[in-house]
Amino acid sequence: MNPTCTTSSNNMAGAFITFEGIDGCGKSTQLRLLASELRVRGITVVTTREPGGTPLGQRLRAALLDVQEQVDPLAELLVFAADRAQHVRKHLRPSLAANQVVLSDRYADATVAYQGAGRGFAPELIQEIVQLATEGLRPDLTLLFDLSVAESAVRTRRRIESKRTDRLDIEDAEFHTRVRNGYVEIAKAEPARIKVIDARGSVQETHLAVMDIVMPFLEDRGLLGAEQSAKSKAPRGKRESSAN
Ligand SMILES: Nc1ncnc2c1ncn2[C@@H]1O[C@H](COP(=O)(O)OP(=O)(O)OP(=O)(O)O)[C@@H](O)[C@H]1O
Ligand SMILES: [Mg+2]
């Protein structure tokens, strides 16, 4: 499988880190923990998400995830792309140009996994639409939280019971299995960018796995001060953590 985009944001300042994985695998939980940990360390962080990372995107998100709406798969693909085009131009590129560390809850790999592997659109079409929407802006690092569909269903079931569900939550298990397998394929194709994290552990265990990847990455990019660089080399579990 081809990479989702052709050029990297490496020629821009800052760092672009995306969080991916099936619904309920723990992306948002881990993004919040990482953001607060980095802020404690004095690193300026921008947190965002897809869909919904801009004011226009928030309205598109509400329409896309509405349980009452019968969204045609092609319309779904194009609305996600519209959300992404707005996000890239109005938020992501300006934030990266301002030397920010940007953490995004989903990005282009989600289209490859959900609309490509999940809905069955041809890889070439997905590739073309992703390229159009992103203009080649590629994450510098992607964290893929891998969890079985059954285990993630246990986590999202609480949300469904509390009626905070969305349209993609109620797709069947086969759909989510295709999405998970799609993500695994993307990760195999781009091992340097995409780091697979076993998401079965506790919130804190998973957070430590995230830190073990992100701190050396930020150090390599020169985004940590000298003191933080020393901490990034400390063995796993020995670093202080502000997370609960
Ligand atoms: N490691 C974990 N162990 C047990 N429960 C967890 C873990 N991580 C997150 N959860 C819980 O699972 C649920 C889903 O987590 P979260 O919202 O972070 O997932 P998500 O990947 O962002 O889901 P979505 O794709 O639907 O937004 C939440 O109720 C969260 O508190
Ligand atoms: Mg989430």
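In this predicted model, helices α4 and α5 run roughly antiparallel to each other, because their axes cross at roughly 150 degrees and angles over 145 degrees count as roughly antiparallel. The axes of α4, which spans residues 108-118, and α5, which spans residues 123-134, come within 10 Å. The crossing of α4 past α5 is right-handed. On the side of α4, the contact is made by A108, T111, V112, Q115 and G116, and on the side of α5 by P123, I126, V130 and T134. Five of the residues in this contact are nonpolar and four are polar, with no charged residues.

These two helices belong to a protein with nine helices and five strands. Along the sequence, the elements are arranged in the pattern β-α-β-α-α-β-α-α-β-α-α-β-α-α. The protein has 244 residues, of which 40% are buried. Of the contacts between residues at least 6 apart in sequence, 82% join residues at least 24 apart.

The axes of α1 and α8 come within 10 Å and cross at roughly 55 degrees. That angle makes α1 oblique to α8. As with the pair described above, the crossing is right-handed, here with α1 passing α8. From α1, the residues T29, Q30, L33, L34 and E37 take part in the contact, and from α8 the residues V203, T206, H207, V210, M211 and V214. By class, the contact of α1 with α8 comprises six nonpolar residues, four polar residues and one charged residue.

At least two residues of the shell around ligand 1 come from each of α1 (27-40), α6 (149-161) and α8 (203-220). The shell is made up of 14 residues, and the closest are G26, K27, S28, T29 and R155. T29, one of these closest residues, is also one of the α1 residues in the contact with α8. By class, the residues around ligand 1 divide into eight polar, four charged and two nonpolar.

Several local features of the backbone lie in loops. A cis peptide bond is present between E50 and P51, with omega at about -10 degrees. P51 belongs to the loop that links β2 (45-49) to α2 (55-65). R106 is located in the loop between β3 (101-105) and α4. R106 has 24 other C-beta atoms within 10 Å and is therefore buried, since a residue with 20 or more such atoms counts as buried. The other is E135, which has a positive phi of about 50 degrees and is likewise not a glycine. E135 lies in the loop between α5 and β4 (141-146). With 13 other C-beta atoms within 10 Å, E135 is partly exposed.

Apart from its neighbours within four places in sequence, D83 is in contact with E50, P51, G57, L60 and R61. E50 and P51 in this list are the two residues joined by the cis peptide bond. The C-alpha atoms of D83 and G52 are 7.0 Å apart in space, although the two residues are 31 residues apart in sequence. D83 is buried, with 25 other C-beta atoms within 10 Å.

Another pair of residues separated in sequence is Q131 and A81. Q131 is part of helix α5, one of the two helices in the roughly antiparallel pair. Between Q131 and A81 there are 9.6 Å in space, C-alpha to C-alpha, and the two are 50 residues apart in sequence. Q131 is partly exposed, with 15 other C-beta atoms within 10 Å.

Definitions and conventions
Residues are numbered from 1 along each chain as its sequence is written. Chains are lettered from A and ligands numbered from 1 in the order in which they are written. This is a predicted model: local features need pLDDT of at least 70, side-chain atom pairs count only at pLDDT 80 or more; totals for chains, interfaces and linings use all residues. A residue is near a molecule or strand if its C-beta atom, placed from the backbone, lies within 6 Å of it. Helices (H or I, at least four residues) and strands (E, at least two) are DSSP runs, numbered from the N terminus. Ala, Val, Leu, Ile, Met, Phe, Trp, Tyr, Cys and Pro count as nonpolar, Asp, Glu, Lys and Arg as charged, and the others, Gly among them, as polar. Axes are lines fitted to C-alpha atoms, for helices over the stretch in contact, and angles run from 0 to 180 degrees between N-to-C directions. Angles under 35 degrees count as roughly parallel, over 145 as roughly antiparallel, 65 to 115 as roughly perpendicular and the rest as oblique. A crossing is left-handed if the near helix is turned anticlockwise from the far one by less than a right angle, and right-handed if clockwise. Two residues are in contact if their C-beta atoms, placed from the backbone, lie within 7 Å. A residue is buried if 20 or more other C-beta atoms lie within 10 Å of its own, exposed if 12 or fewer, and partly exposed in between; C-beta atoms are placed from the backbone.
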